[in-house]
Amino acid sequence: MYPFQQHYYLVVVALFSYWHGEQRKINLKFHKKSLNPIKSHKKPKKQVKPLNLKTMKIVHLEDFIHPDAGYQVNLLGRLQVLQGHEVQVVTAELDKIPSELTDFFGRDDIIGRDQRFENETGVKIHRVPLFGFYSGRAIFRPFRLLRQVISTKPDVLFVHGEDTLTGIVFILISRWLPFPIVLDCHMLEMASKNKYREYFRWIYKRFITPIILKRKIPLIRVVDSDFVQKCLGIPLSHTDLLSFGTDTDHFKPDPEKKASLRKELGLDPNAFLVVYAGKLDEHKGGKFLSSAISRSLNDPSNRPIEFLVIGNAVGEYGETVESELAGSQNKIVRLPTQRYFDLARFYQMADLSVFPKQCSMSFFEAQSCGLPILFEENEINSQRAEYKSAVTFEPESIEDFRAKLIELSKLPPDEYAEYGKNARKHVLEKYDFVPIAKQFTEVLARTIKQWKTHS
């Protein structure tokens, strides 16, 4: 599907829904053996079955997940199973997902990896074929997707991404679904790069936002930003703010392991060890990192600075990154991409975690392990650095990155240790995902109650 086709499809569907759903007030119902809506002159009798909200069937709908990653759905689904709920995920097959998303963890034996994820977490993954993938958004085969979602018979459907094509479709058909939906938003304005974004926002405000508000569809913001209000016209008062987070019981400091893990990888036990774990692509600043650490950062009067770089680099861009890392004047240990829960041991052996460009959710895992952070200055990162657990550098400035890194390595041990203590404390107070996951589940339970009351 070409870009203009996606936007044309969105306009047509939005206009159809607005006219038929909001203007004419036609009562619709689904035929028992078909997903096609038919007119009804009588209000259908609703069969309400008793529901024990202590044991809900929760289905997450996400454009893309990988079972080896640490995405929100991976962690939230696992914790909701531990809460006693049945959890399933409906997502895209990987065949038409861009390589820059799949190459990091790989797509080999994805069925086997999905099964291992289910065995380890209790969360079953269903994959649906795509027409294609455009501008970071999956374009599902709509009837296959709808059939798969309905066949899971959820008590509530958690649609991740209110501004994805998938999210929009389920917003449009929400009044006819036999279950309620909940939305979430991960977007920041600075991350919106699509050249059609102003047209998209106009359409969204005009046709989609009124449906969300009229049907009282819950929306969870996972970043403290006014993006949904400023860009999509959804009042912040309509939303819940629930942050990202991490499993603080798994990701925690372990000083006793530090020396043994470093010895295992041939790293100096007394060095100032800097870790980067993530994609080494353009979006995450792979070349920025390789260029920044290609020249020596060591000072004879200071303890040595060494690097642990974890993650796959692919394509021509990746070859350039690998070449610079291999020719660096600093000691660098390279490891391929690691599974999410295996990252804890690498954070536990390090002194500092860096994010050369976009800061991923690994921020929480690193801070939970007591690691200070060095990342680029922006709205969100500046807020995070206020707790004296992180330091920002000027965006795109390799020299400022290097200067801040050297400055941190020279701090007195007691002063530097405060950064680590603040990091762990900050995560425990605000980003411990075990209680946050319960808050997500409470929103889902509240939605079911309201839906049963008003539908």
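These legends describe close-up views of a predicted model. Local features need pLDDT of at least 70, side-chain atom pairs count only at pLDDT 80 or more, and totals for chains, interfaces and linings use all residues. Residues are numbered from 1 along each chain as its sequence is written, and side-chain values use heavy atoms, with hydrogens and water left out.

**View 1. An open sheet of six strands with parallel pairing.**
The strand order is β14-β13-β12-β15-β16-β17. Strands here are DSSP runs of E with at least two residues, helices are runs of H or I with at least four, and both are numbered from the N terminus. Two strands pair if DSSP finds at least two bridges between them. At the edges lie β14 (331–335) and β17 (390–393), and each pairs on one side only. From one strand to the next, the twist averages 25 degrees. Axes for such angles are lines fitted to C-alpha atoms, for helices over the stretch in contact, and angles run from 0 to 180 degrees between N-to-C directions.

**View 2. Strands β12 and β13 side by side in the parallel sense.**
Strand β12 covers residues 272–277, and β13 covers residues 305–310. Six bridges join them. Leu273 has Glu306 of β13 as its bridge partner. Strands of a sheet pair through backbone hydrogen bonds, either parallel or antiparallel.

**View 3. A salt bridge between Lys57 and Glu86.**
A salt bridge is a side-chain nitrogen of Lys or Arg within 4 Å of a carboxyl oxygen of Asp or Glu. By this rule the count is 22. In the pair shown, the closest N and O atoms are 3.8 Å apart. Lys57 sits in strand β3 (residues 57–61) and Glu86 in strand β4 (residues 86–92), so the contact ties together parts 29 residues apart in sequence. Buried means under 20% relative accessible area, exposed over 50%, and partly exposed in between, with a 1.4 Å probe and protein chains only. Lys57 is buried at 19%, whereas Glu86 is partly exposed at 41%.

**View 4. Glu120 and Arg339 in a salt bridge.**
Their closest N and O atoms are 2.8 Å apart. Glu120 belongs to helix α4 (residues 110–121) and Arg339 to the loop between β14 and α12 (344–348), so the pair ties together parts 219 residues apart in sequence. Both residues are partly exposed: Glu120 at 49%, Arg339 at 26%. Salt bridges that share partners join Asp68, Arg113, Arg116, Glu120 and Arg339 into one network.

**View 5. Arg262 meets Asp351 in a salt bridge.**
The N to O distance is 2.7 Å. Arg262 is in helix α9 (residues 255–265), and Asp351 is in the loop between α12 and β15 (352–355). The two are 89 residues apart. Both are buried.

Helix α17 (residues 433–454) has 22 residues. From first C-alpha to last, this helix reaches 31 Å, close to the expected 32 Å. That expected span is 1.5 Å times one less than the number of residues. Buried residues of α17 include Phe433, Phe440, Leu444 and Trp451. A nonpolar core is a set of buried Ala, Val, Leu, Ile, Met, Phe, Trp, Tyr and Cys residues joined through side-chain atoms within 4.5 Å. Of the 51 residues in the largest core, Ile220, Leu308, Tyr347, Phe433 and Phe440 touch the most other members.
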